[in-house]
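Please look over the structure shown below. The briefing that follows goes through it topic by topic.

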Amino acid sequence: MLGDFPTWFLRPVAVLFGLLWGSFLNVVIYRVPREMSVAYPPSSCGACGARIKPYDNIPVLSWLILRGRARCCGAHISPRYPIVELIGGGLGLATLELVWQTVPPETLFIRAAAVFLADFTLSLGLVAAAFIDAEHMYLPDSITLGGALLGVATATLRGMTLPASLVGAAVGFVGVWLPFIVIYARVRGRHGMGMGDAKLTMLAGAWFGAGGAAFVLFAGAIQGTLGALLILLVKGKIEEPEAVRADRRELKRAAGEGDVEAAKILADDPLGDDPQGHGLGQARLPFGPFLILACLEWLFASEWILAAYRGTLSGGL
């Protein structure tokens, strides 16, 4: 039974488990957008290619000991790596607390562990997608579509009906695809959001139902607007990630040299043209991280959000 295992034992185990998977998450974030295998070759230095020794690959601790420098060549190691590992540890603990609060104590440990693994896998995939989209403005199908399938497959395990999961997935997808891709493109001549965003809200619907998908879309939009305003306030303009600009320059160069495939990619890709400006309504900002933040908010705080919403409604009556 779940209640037979003390929290003082499970909590450090969950944090350690999360730290280890956070280390793997760094591999996913780096390799997936570059269409590299996440399994092979083993971790190596991004600067000189030397194989990273196991004792230099300990989550967080190795980065601190090496002071953010590679042992092999002294190259700078981005602080993103320990940050992602710490996020993994935090998600491990948060997921354990979520399961502990929502699963009855008499539940068999194997079932509670399955719920933990499902929610933890979702969290890791969302974090990876957020970092990838922030850098490349690209949401991998392996995460969005794979996550939606996992949500449907684990619906009954998580106390949700299969029809509710399927309807939620459909509502989530159509809620972005129809107004922001189909209709917006006909009115404005360009997409308001990408297909990756539609697939991401489909994932949200598969996990949280239609109501959860609606929350993710609207909360993501509010947080995205606030994020854009903050960037404008701090930097004075919103710029695409450098990786996106570099890819477009390379495609334009190839197309100019007669590469038909590159020209087709530029014509079909919403990012194929330069943005119309750097202000609100003109600049391009990755929307995935804000939708993902809303997904995590609903996953870990939906009861509190619903209670606050009901309190607001009752207070207004």
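**Briefing on the predicted model**

H136 counts as buried because its relative accessible area is 15%, where buried means under 20%, exposed over 50% and partly exposed in between, with a 1.4 Å probe and protein chains only. This is a predicted model, in which local features need pLDDT of at least 70 and side-chain atom pairs count only at pLDDT 80 or more, while totals for chains, interfaces and linings use all residues. Residues are numbered from 1 along each chain as its sequence is written, and side-chain values use heavy atoms, leaving out hydrogens and water.

**Overall architecture**

- The protein has 10 helices and 0 strands; helices (H or I, at least four residues) and strands (E, at least two) are DSSP runs numbered from the N terminus.
- Along the sequence the pattern reads α-α-α-α-α-α-α-α-α-α.
- Along the principal axes, the C-alpha atoms fill a box of roughly 65 × 60 × 35 Å.
- Of the contacts between residues at least 6 apart in sequence, 70% join residues at least 24 apart, a contact being heavy atoms within 4.5 Å.
- Buried residues account for 39% of the 317 residues.

**Nonpolar core**

- The largest nonpolar core holds 53 residues, and those with the most contacts inside it are L25, L122, L126, F208, V216, L291 and I292. Such a core is a set of buried Ala, Val, Leu, Ile, Met, Phe, Trp, Tyr and Cys residues joined through side-chain atoms within 4.5 Å.
- At least two residues of this core come from each of α1 (7–31), α3 (80–102), α4 (109–136), α5 (141–153), α6, α7 (195–235) and α10 (288–316).
- Helix α4 gives the most to this core, with 13 residues.
- Beyond residues up to four places away in sequence, L291 touches M193, D197, L200, T201, V216, L217 and G220.

**End of α4 and the following loop**

- H136 lies in helix α4 and, leaving aside neighbours within four places in sequence, is in contact with P33, R34, A243 and V244.
- M137 is in the loop between α4 and α5 and counts as buried, at 17% relative accessibility.
- The phi of M137 is near 50°, a positive value in a residue other than glycine.

**Loop between α1 and α2 (61–65)**

- E35 is in this loop, with a positive phi near 55°.
- At 75% relative accessible area, E35 is exposed.
- P41 belongs to the loop between α1 and α2, and a cis peptide bond with omega of about 0° joins Y40 and P41.
- Most residues other than glycine have a negative phi, and most peptide bonds are trans.

**Surface**

- The protein exposes about 17200 Å², of which carbon and sulfur atoms supply 66%; areas come from the Shrake-Rupley method with a 1.4 Å probe, and for residues only the protein chains shown count as cover.
- V174, W177, L178, I183, V187 and M195 make a nonpolar surface patch of about 520 Å². Patches are made of residues with over 30% relative accessible area and no salt bridge, with like charges joined within 9 Å and nonpolar side chains (Val, Leu, Ile, Met, Phe, Trp, Tyr) within 5 Å; a salt bridge is a side-chain nitrogen of Lys or Arg within 4 Å of a carboxyl oxygen of Asp or Glu.
- Helix α6 (residues 162–188) provides the largest share of the patch, 5 residues.
- V187 is found in α6 and counts as exposed, at 65% relative accessibility.
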